[in-house]
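Let's walk through this model together, one region at a time. Please keep the viewer open as you read.

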Amino acid sequence: MMTRIKDLGWELFHIFFRHFNFPCKLGLINVGTPGENSPVFLSGNYTLTVQRVLRKLRGIDCYLLVANSRGSNVWCAAGMNEFSEYDVIDAINVANLGNLVKHRRIIAPVYSAPGVDISAVKRETGFNIKWGPTHLDDLPRFIAAGFKRTNDMFQVKFGLQDRLEQAVSTAWCYTMTIALIGLVWPIFFFTVSGLIFFVYLFGFTLYPLFPEERHWRRTLTITALLTTAMALWALWSGWATADFLLWEGVLVAVCLLMAMDCCGSTPLHKSTIKHWLLNGDYNSHFSPVIDPSLCINCVQCILVCPCDVFAARRDAENTVVVVKPDRCEECLACFKQCPTDAIFNRSGEVKGDVKSIPNLEVLAARDWSHLKSEDRWIGAATGLRGGLPIVLEGRTTNAPTVPPRRAASESAATSLIEIGQ
Ligand code: SF4
Ligand code: SF4
């Protein structure tokens with residue numbers, strides 16, 4: 001009992017402080033009694049992630065290779081150039097992995113793709129990086145399926161637990177930011193803090209129920225609902241006009257703060273506050289388009305994209321094309337992994353917070369005017385073959401056969417894909 005309470009306290013502490021770095025020990029962890037044929041999994045050295053991965057691996061004899069992500073989660077660290085191929089190569093060499101296992105395969109979180117150049121890892125160590133499921137919760141199913149990803153393991157997810165953790169950790173950050181106010185006006189501080197927690201929990205818990213953020217629709221809906229509820233409460237409780245105006249103002253400010261946060265604090269969107277203010281949506285700047293003359297059909301872009309942006313042509317051209325550019329969330333994993341720089345950028349600009357690609361600005365600003373005809377693939381009908389999204393020739397319609405967020409119920413039997421080919 002005491003252990004469970006201690007574990008819960010530990011978990012809650014790390015959830016509240018999720019925006020802070022908590023490094024754990026680097027190196028190789030033996031899970032169970034691994035041998036020379038046991039699988040090797042990769043993680044960054046963010047304490048909360050490592051503990052959660054270990055929990056998912058319970059009962060399996062394997063190795064967990066903990067490489068240096070500077071105590072941060074791999075997605076943030078990979079984007080910020082704090083978790084790169086050099087960290088993975090170092091971890092492999094320091095652990096002497098080449099002598100411990102006979103095979104040459106490491107299963108890596110796909111969220112590390114924006115930072116880890118898998119061709120460099122292969123070149124320097126001989127180890128192949130294979131991409132695991134996008135979501136950690138799918139790891140046991142991935143292992144049970146013979147280390148293969150089913151289609152529903154490709155897509156980014158933002159489930160209730162993730163949303164609650166995001167709400168609590170972000171609200172806690174803002175509460176700490178205004179903590180000094182509590183020394184002077186404690187009641188005001190505690191009320192504002194409560195309001196921040198309430199708005200974030202409300203917004204993130206009901207996230208899928210609100211309309212998509214187009215022309216501020218989501219923000220306006222949440223703000224209208226909460227301000228109306230507060231007005232009714234104020235009427236019923238007989239608030240003074242000054243109090244009413246003050247707290248309605250604070251409430252609107254917190255709603256706007258949360259909306260601005262959503263430009264980059266969810267795994268679903270990445271935009272800029274400027275773009276959001278001007279357009280009222282969270283669309284990313286980056287908009288990929290592939291040069292078929294450079295594409296070698298390695299399908300890495302499909303394997304690392306968490307947003308279903310790409311599909312393969314299985315005709316005489318045999319290349320990959322962009323079918324849903326407006327779903328891109330600018331993780332730049334495709335840009336990082338493309339071995340031939342075949343991916344251009346329609347918009348010519350990027351948000352600029354991904355630091356792991358040294359010549360990013362130059363690559364993203366390349367002239368793509370010779371690729372305008374590639375726009376014909378946008379909205380093309382796609383189907384699944386061998387686990388990959390494939391363009392269905394002759395069915396170029398704006399109503400793709402693959403639904404926008406591929407349902408988890410899609411047949412796993414027909415959709416297994418060997419990861420990281
Ligand atoms: S990663 Fe590059 S080369 Fe490989 S399929 Fe995608 S666009 Fe083509
Ligand atoms: S298309 Fe967008 S979301 Fe997909 S991998 Fe590339 S940058 Fe990331």
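Leaving aside its neighbours within four places in sequence, which residues is Lys122 in contact with? They are Phe127 and Asn128, where contact means heavy atoms within 4.5 Å. With Asn128 there is also a side-chain to side-chain polar contact of 3.4 Å. A polar contact is a pair of N or O atoms within 3.5 Å; within protein, one must be able to donate a hydrogen and the other to accept it, and residues adjacent in sequence count only if both atoms are side-chain atoms. Lys122 sits in helix α6, residues 118-125, and is partly exposed, with a relative accessible area of 39%. Here, buried means under 20% relative accessible area, exposed over 50%, and partly exposed in between (1.4 Å probe, protein chains only). Helices (H or I, at least four residues) and strands (E, at least two) are DSSP runs, numbered from the N terminus.

A word on how to read all this. This is a predicted model, in which local features need pLDDT of at least 70 and side-chain atom pairs count only at pLDDT 80 or more, while totals for chains, interfaces and linings use all residues. Residues are numbered from 1 along each chain as its sequence is written, chains are lettered from A and ligands numbered from 1 in the order in which they are written, and side-chain values use heavy atoms, with hydrogens and water left out.

Now turn to the sheet. Its 5 strands form an open, mixed arrangement in the order β1-β3-β2-β4-β5. Because β1 (27-31) and β5 stand at the edges with a single partner strand each, one side of each is left without a neighbour in the sheet. On average, neighbouring strands are turned by 30° against each other, direction ignored. Axes are lines fitted to C-alpha atoms, for helices over the stretch in contact, and angles run from 0 to 180 degrees between N-to-C directions. Strands β2 (residues 40-44) and β4 (residues 105-108) run parallel and are joined by 2 bridges; two strands pair if DSSP finds at least two bridges between them. Within this pairing, Phe41 stands opposite Ile107 in β4. Helix α4 (residues 85-94) packs on the sheet, touching β2, β3 (62-67), β4 and β5, and its direction makes about 130° with that of β3.

Helix α2 (residues 47-56) has Thr47, Leu48, Val50, Arg52 and Val53 as its buried residues. These pack against α1 (2-16), β1, β2, β3, α7 and α8. In helix α8 (residues 160-177) you will find Val168, which is buried at a relative accessible area of 14%. Not counting residues up to four places away in sequence, Val168 touches Ile15, Phe16, Phe197 and Leu201.

Thr134 lies in the loop between β5 (128-131) and α7 (139-144), and counts as buried at 6% relative accessibility. A polar atom of its side chain lies 2.7 Å from the backbone oxygen of Phe154.

Finally, visit ligand 1. Of the 13 residues around it, Cys295, Cys298, Val299, Cys301 and Cys338 come nearest; a residue is near a molecule or strand if one of its heavy atoms lies within 4 Å of it. Val299 is found in the loop between β7 (288-290) and α14 (300-304) and is buried at 10% relative accessibility. Most residues other than glycine have a negative phi. Val299, although not a glycine, has a positive phi of about 60°.
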